[in-house]
Amino acid sequence: SSVVLKALGTAGTASNKDSSRIGRLIEFHYHGLQITRLKINCYFLDQTRIVSPSQTEQNYHIFYQILAGLSTEERSKFYFPHYDSRTLHYLSQAADPLDSP
């Protein structure tokens with residue numbers, strides 16, 4: 001689950017290609033020496049990056065990863081048959097991670 005949270009909350013910036021853009025509060029509940037519950041609260045998300053990312057920065061990694069991981073059948077089902085991160089308007093507004101070294 002931390003891999004998914006990381007992809008949801010990180011994006012490439014001009015100075016850091018894996019910059020965290022989300023705040024999390026992690027609560028551990030114990031009974032004796034055992035963890036009985038773990039609760040992850042997300043309390044901040046850089047929303048401007050979603051609607052108007054800078055041309056020198058990337059959008060959230062999860063969007064690129066979902067698009068890259070879709071099968072041909074899934075691309076058709078979700079109406080993305082010919083799109084990639086360079087041609088999908090939502091992602092093409094920002095710097096393409098495929099162009100990054």
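Ile26 sits in strand E3 of this predicted model, strands being DSSP runs of E with at least two residues and helices runs of H or I with at least four, both numbered from the N terminus. At 42% relative accessibility, Ile26 counts as partly exposed, because that class lies between buried (under 20% relative accessible area) and exposed (over 50%), with a 1.4 Å probe and protein chains only. Numbering starts from 1 along each chain as its sequence is written. Local features need pLDDT of at least 70 and side-chain atom pairs count only at pLDDT 80 or more, while totals for chains, interfaces and linings use all residues; side-chain values use heavy atoms, leaving out hydrogens and water.

Strands E3 (22–31) and E4 (34–45) each supply at least two residues of the patch.

Zooming out, the protein has five helices and four strands, running α-β-β-β-β-α-α-α-α along the sequence. Buried residues make up 28% of its 101 residues. The accessible surface comes to about 7,300 Å², 57% of it belonging to carbon and sulfur atoms (Shrake-Rupley method, 1.4 Å probe; for residues, only the protein chains shown count as cover).

As for pLDDT, the predictor's confidence in each residue from 0 to 100, the protein averages 79, and 88% of the residues score at least 70.
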